[in-house]
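User: I am new to this structure and would like to go through its cavities and salt bridges. Please take the questions in turn.

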Amino acid sequence: MSAGDRPSGVPTRVEQRGAPVRGEQTPTRTAEGKPRHLYEVDVLRILTFACVIGVHTTSHTVATDDVPLNVLLGLLHFTRLVFFSLTAFVLVYSYTLRPRPMAQFWPKRFLLVGVPYLAWSFLYVGSSWLLGSTTRGDVPVLVRTYAEGIVTGVSWYHLYFLLVTMQVYLLLPVIAWLVRKTRGHHVTVLVLSLVVQLVVFAGYKYFPASDAWLHGYQKQFFFSYVFFIVAGAVAADHADAFLRFIRVHRRGVLWGFVGVGVLTLAVWWLQVALGQSLYAAGTPLQPIQVIWSAAVFVGFLAIGARWADRRRPGSPLARVIDYGSDRSFGIFLSHPFMIWILLYGDSWLEQVVPKPWLTLVTYVLVLVLSVAVTELFRWTPLSVPLTGRPSLASRGQREARARKRAAAAPLPQRSPEPVEPDDALVGETDDVGRRAAR
């Protein structure tokens, strides 16, 4: 690699899991030796959330015989697997930076994910109940359906993801212990978990009788994503070396991303040729998606790293990405509701816009409406249950009170807290630390 190809800000040497030499910037540390905000994670999150909306929009608007859109749908089914890797990565990395008792960790995480899970489950179940001519007014049905949805994650088709995320939160002590105890053998751990993942997905896809005991709830359990959880945790334990590798070998990573995409398309065509439907050939719980999703994870991270190395604080694009990262979880929670509103019953949209343009138009409308609704919620007392983030109004009030106290009784400057990466799901950010990182 020539000197011109070396990413800016990445030195030639770094101490793994230790503080770097002062004055030496690394993928995870500033030149002052402080943890840096991982802006590449923001990009990875935004790209994946954008693809989540693409999956759900396309699923609702694609014609059964539309080959291009079904191919696109098959390629977009990486989203859940990428997010479980990212969730494990940021959890273990954050916990390594700032270890804390689970008695402190769990309440905070479950507040920002568990409360929205309960709130949106009720909104989706309640809306279906009100619109159903046979269920409206039957309160026992509403209570039973809501309780079943909470336990199984089926209140709406995307909420299982929050249920599995909370399982990962509960398992963090076990995950951290496994990573710590197997240091020096992480390659073996990754290979074993990969083999397990391929076998599990092969069973789900090609031997449906093997998972009959799950009664259709395969996607609701953490063990369906064991490789991605383990891989994210191991990557976090080697975060500096991992992010350095992504930067140094960016071109190879991106070419590998493209190559695996071609392989995924080839498997899709083969399965169609063998008699599977256009949709079934691209379902997410199958072996090829393991390889494809891993390639997407490192590919998107390579794109994010390029952005992070060239990011100009305060630029319009930097502001857009910061905004998108902050609002992404709220958009994830609300976007299926927007799809439902736009396509409900004899949809005017379907009557006005022909296929396949319906998919593109619906995607744009869903994105705009979801952003608008999330922005509205962020300024209300309902921000935590509906967006998973504290209200912007209350944050502004707290900052105003802090400024008033500081003006009345100036205090010595205090060093900023370490910068943790955002939570993969809710995009939680230490704003003081983010400003310090800039």
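Analyst: A salt bridge is a side-chain nitrogen of Lys or Arg within 4 Å of a carboxyl oxygen of Asp or Glu. The model is predicted.

User: How far apart are the closest N and O atoms of Arg378 and Asp326?
Analyst: Side chains of opposite charge can pair when their charged atoms come close. A salt bridge needs a nitrogen and an oxygen within 4 Å. Arg378 forms one with Asp326, and their closest N and O atoms lie apart by 2.3 Å.

User: Which helices does that pair tie together?
Analyst: Arg378 and Asp326 are 52 residues apart in sequence, so their pairing ties together separate parts. Asp326 belongs to residues 316-343 and Arg378 to residues 357-378, which are helix 12 and helix 14.

User: Is Arg378 buried or exposed?
Analyst: Buried means under 20% relative accessible area. Arg378 has a value of 1%, so Arg378 is buried.

User: What about Asp326, buried or exposed?
Analyst: The cut-off for buried is under 20%. With a relative accessible area of 12%, Asp326 is buried.

User: Which residue forms a salt bridge with Glu375?
Analyst: The closest N and O atoms of this pair are 2.9 Å apart. The pair links distant parts of the chain, 48 residues apart, with Glu375 in helix 14 and its partner in helix 12. Glu375 is partly exposed at 21% relative accessibility. The partner is buried, with a relative accessible area of 9%, and is Arg327.

User: How many salt bridges does the structure hold?
Analyst: A pair counts when the nitrogen and oxygen lie within 4 Å. By that rule, the number of salt bridges in the structure is 11.

User: How much space lies in the largest cavity?
Analyst: The count is 2 cavities of 30 Å³ or more. The space in the largest cavity is about 70 Å³.

User: Which helix gives the largest share of the lining of the largest cavity?
Analyst: The lining has 13 residues, with Gly74, Thr264, Trp268, Ala281 and Gly282 nearest the centre. Helix 2, helix 10 and helix 11 each supply at least two residues. The largest share is 5 residues, from helix 10.

User: How many charged residues are in that lining?
Analyst: The lining of the largest cavity has 7 nonpolar and 6 polar residues. For charged residues, the number is none.

Notes
Residues are numbered from 1 along each chain as its sequence is written. This is a predicted model: local features need pLDDT of at least 70, side-chain atom pairs count only at pLDDT 80 or more; totals for chains, interfaces and linings use all residues. Side-chain values use heavy atoms; hydrogens and water are left out. On a 1 Å grid over the protein atoms alone, a cavity is a set of points where a 1.4 Å probe fits but cannot get out, and a pocket is an open set with protein on both sides within 12 Å along at least five of seven lines; lining residues have an atom within 4 Å of a point. Grid points are joined across faces, edges and corners, and a volume is the space filled by probe spheres set on the points. Helices (H or I, at least four residues) and strands (E, at least two) are DSSP runs, numbered from the N terminus. Ala, Val, Leu, Ile, Met, Phe, Trp, Tyr, Cys and Pro count as nonpolar, Asp, Glu, Lys and Arg as charged, and the others, Gly among them, as polar. Buried means under 20% relative accessible area, exposed over 50%, partly exposed in between (1.4 Å probe, protein chains only).
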